[in-house]
Amino acid sequence: MTKTAAKSRRASSKQPPSAPPDPMPERVDPCLATLVDRPPAGRDWVFEVKWDGYRLAVHVEPGCVRVITRGGYDWTDRFPSIAAEAPLLEPKTAILDGEAVVLDDKGRSDFGMLQRALGRKPSLHDPREILFFAFDLLYLDGRDLRRLPLSERRRLLESIIVAGRAGVIRLSEEVEASGEEFFRIACEHGLEGIVAKRRDIPYHSGRRPDWQKIKCVRSDSFVIVGFEPSTVPGAIGRLLLAARRRGELVYVGGCGTGWTYAASAKLRELLEAIRTDSPAVSLKRKAVVFVEPVLIAEAEYRAWTQDGKLRHPSFKGIRERADDATVFELNS
């Protein structure tokens with residue numbers, strides 16, 4: 001960064017001398033994107049890659065870094081490389097909004113790889129394989145930035161995390177292209193999708209139309225209500241999944257792909273520990289083991305069948321409650 005740019009950043013991020021600093025929020029509920037079928041058009045929108053990982057807020061203070069999940073849990077100890085690198089950024093205090101991911105050999109975020117990296121013993125993998133892509137800046141050196149439009153927040157973010165920065169903490173770059181063209185290219189390259197954001201809107205917590213997500217392949221969270229044992233000893237044949245409808249769980253189909261034998265065996269151990277004789281859904285099927293509806297699976301699928309079942313679902317991983325996974329809600 002040039003001295004002129006650094007000076008400009010410091011000047012713009014501070015309050016006038018007469019104004020007291022804004023208190024740093026203990027936690028900020030994240031802004032969530034609304035799922036839509038097509039990208040919006042117009043100059044009011046900017047576009048980014050949709051990352052497939054864990055949504056995190058990184059709170060940086062003198063002598064203290066906290067890594068907070070979307071659900072408000074402190075996961076600092078689970079992301080030591082992110083916590084270690086955050087103090088090396090220029091600001092004394094900041095809140096970065098972004099996504100923790102692991103990239104495959106083609107540079108695509110992979111939720112399953114992230115889960116495996118988090119699940120291993122530290123000695124068995126390089127913690128720097130977990131990256132944090134920052135896409136918003138909510139607080140900076142005594143100033144609450146949420147009231148500013150996205151374009152200004154991004155300007156300040158890009159002054160402390162430059163495009164192309166190496167390391168664990170990186171910038172989620174905006175793409176100069178029409179939404180339709182960017183979406184087409186993203187799908188051709190096997191990405192999960194894209195995110196569109198209004199450049200002139202302040203930061204608002206909760207699910208908002210100002211942020212929109214467009215997916216190449218659908219991926220949502222479902223409650224695991226049971227499983228069918230595999231013919232391979234100790235493994236799972238199919239997971240039985242449910243969505244919500246007006247507060248009730250509704251069976252939406254079985255998922256039988258997306259795991260290795262080792263992952264399947266580990267998952268079966270988890271499910272065997274929560275077996276129940278009181279099914280959460282009404283389902284008559286032989287050889288089914290019902291479980292308490294406490295685990296949430298992320299599943300990728302192509303579409304919905306006419307009878308309300310998932311078409312070609314594939315298991316991606318278990319979403320933890322700390323990630324505040326939102327179970328899919330059926331409209332009717």
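Biologist: In which sense do strand 5 and strand 6 pair, and over how many bridges?

Modeller: Two strands pair if DSSP finds at least two bridges between them. Strands (E, at least two residues) and helices (H or I, at least four) are DSSP runs, numbered from the N terminus. Here strand 5 and strand 6 run antiparallel over eight bridges. Glycine 98 is bridged to alanine 134 in strand 6. Strand 5 also pairs with strand 3, antiparallel over seven bridges.

Biologist: What should I know about the source?

Modeller: The model is predicted: local features need pLDDT of at least 70, side-chain atom pairs count only at pLDDT 80 or more, and totals for chains, interfaces and linings use all residues. Residues are numbered from 1 along each chain as its sequence is written, and side-chain values use heavy atoms, with hydrogens and water left out.

Biologist: How many residues of strand 5 are buried?

Modeller: Buried means under 20% relative accessible area, exposed over 50%, partly exposed in between (1.4 Å probe, protein chains only). In strand 5, eight of eight residues are buried.

Biologist: Where is glutamate 48, and is its side chain buried or exposed?

Modeller: Glutamate 48 is in strand 2 (residues 45–49). It counts as buried because its relative accessibility is 2%.

Biologist: Which side chains make polar contacts with the side chain of glutamate 48?

Modeller: A polar contact is a pair of N or O atoms within 3.5 Å; within protein, one must be able to donate a hydrogen and the other to accept it, and residues adjacent in sequence count only if both atoms are side-chain atoms. The glutamate 48 side chain has such contacts with the side chains of serine 172 (3.0 Å) and lysine 197 (3.0 Å).
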